[in-house]
Amino acid sequence: MRPVLFALGGLFIIILLIPTLLVTPFMDQSKGKLGEDLKVAKKEEIPVLAESPVAVPVYRTQANKTETIPLEEYVIGVVASEMPAEFEHEALKAQALAARTYITKKLVNNDSMGTPEGSNSLVTDTQAHQVYKSKEELQEIWGNDYSWKIKKITEAVAATQGKILTYESKPIDALFFSTSNGYTENSEAYWQGKIPYLRSVESTWDEKSPKFHDQKVISINEFEKKLGVKINKSIGTIKELTPGKRVAKVEVGGKEFTGREIREKLELKSSDFTWEIKGNSVVIETKGFGHGVGMSQYGANFMAESGKSYTDIISHYYQNTEIATAEPFLSKYTATK
């Protein structure tokens, strides 16, 4: 009888152990897998922004209609469109401040210059104002990289939410561009009017930008046609440079042009240019990319890489400005609606 009891007891223990032995390896694996999944999910958590106090009427050029977009959502779409998500967090924060400041000033002044007549928009979604793309558009562009890119952009916007740049208690013209030629430009060297916080400063680290150098080759016939001149062996003479080391004035074929006019007529990347005739062509070398006024985006990124904060970046490119809350200005805007 005793052997039978022992046998039954052993069988009972085996019956109890078998499910545990079968499940244990999968439990460990599941825990590890689950832990990894949770970790990934945590990484991709996107910050929740506070409700935007105002909405921005944006003219969507592709749809040919005006869309009303909450302010901070608009800022996310601008930062994502105007600066690579691969850039450093501090550079993205600086860009977020610039983008929010730009649109706040437009809202306060009810400035709709450059928008289609009768569109009831304040800005377009193009470079005429600030490039803006919706999250759906960004998802299509970024594909599998969408999750981490939109998270990173949103974090930068959230870190500066509700903040703008001011000078003498007013929102500034927060101009920005891609890459300097080693210096930013005084405002009056490119546009009319001297703006005290848009002064020429060094930005020597921009030499590391992939957009620092460019070359354009134009036939002599096209060159003459675009400028309305006739040239012989000599193209022209540079008469004056700007404080930012770009061409201020140049004489070509007996006519005088500003560096900006040459840049726009010949569609150059920068007004820091040199040129020479080679055969039947004019070869033009440029340094930098953009008008050069305000914040250099690549310069901001290189500053961030060296350990500078977004406040360091802002104070360098927008001199003597302050970071302030946008609420008083936005309240004035909503009061007029």
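Visitor: Quick one to start: is D125 buried or exposed?
Guide: D125 counts as buried, at 9% relative accessibility. Buried means under 20% relative accessible area, exposed means over 50%, and partly exposed is in between, using a 1.4 Å probe and protein chains only.

Visitor: Where do these numbers come from?
Guide: This is a predicted model, where local features need pLDDT of at least 70 and side-chain atom pairs count only at pLDDT 80 or more, while totals for chains, interfaces and linings use all residues. Residues are numbered from 1 along each chain as its sequence is written, and side-chain values use heavy atoms, with hydrogens and water left out.

Visitor: OK, back to D125. Which side chain does D125 meet in a salt bridge?
Guide: That's R60, with N to O at 2.9 Å. A salt bridge here is a side-chain nitrogen of Lys or Arg within 4 Å of a carboxyl oxygen of Asp or Glu.

Visitor: Why does that pair tie together parts that are apart in sequence?
Guide: R60 lies in strand β1 (residues 55-60) and D125 in the loop between β3 (123-124) and α4 (135-142), so the pair links parts 65 residues apart in sequence. Those labels are DSSP runs numbered from the N terminus: helices are H or I with at least four residues, strands are E with at least two. R60 is buried, with a relative accessible area of 6%.

Visitor: How many salt bridges does the count come to?
Guide: The count comes to 20. One of them joins R199 to E188, with the closest N and O atoms 2.6 Å apart. Both R199 and E188 lie in the loop between β6 (176-177) and β7 (213-219), so that pair ties together parts eleven residues apart in sequence. R199 counts as buried at 15% relative accessibility, and E188 as partly exposed at 35%.

Visitor: New topic: what's phi like at N120?
Guide: Phi of N120 is near 55°, a positive value in a residue other than glycine. Most residues other than glycine have a negative phi. N120 is in the loop between α3 (89-109) and β3, and N120 is exposed, with a relative accessible area of 68%.

Visitor: And what about phi at E168?
Guide: E168 has a positive phi of about 50°, and E168 isn't a glycine either. E168 is in the loop between β4 (163-167) and β5 (170-171) and is exposed, at 65% relative accessible area.

Visitor: Let's do sheets. What order do the strands have in the open sheet of three?
Guide: The order is β7-β12-β11, with antiparallel pairing. Two strands pair if DSSP finds at least two bridges between them. β7 and β11 (273-278) are the edge strands, each pairing on one side only. The twist averages 20° from one strand to the next.

Visitor: How many bridges join β7 to β12?
Guide: Seven, and the two strands run antiparallel, with β12 covering residues 281-287. H213 stands opposite K287 in β12.

Visitor: Which helices lie across that sheet?
Guide: Helix α6 (residues 220-227) lies across β7, β11 and β12, running at about 95° to β7. Helix α7 (residues 259-266) lies across β7, β11 and β12 too, at about 55° to β11. Axes are lines fitted to C-alpha atoms, for helices over the stretch in contact, and angles run from 0 to 180 degrees between N-to-C directions. Contact means heavy atoms within 4.5 Å.
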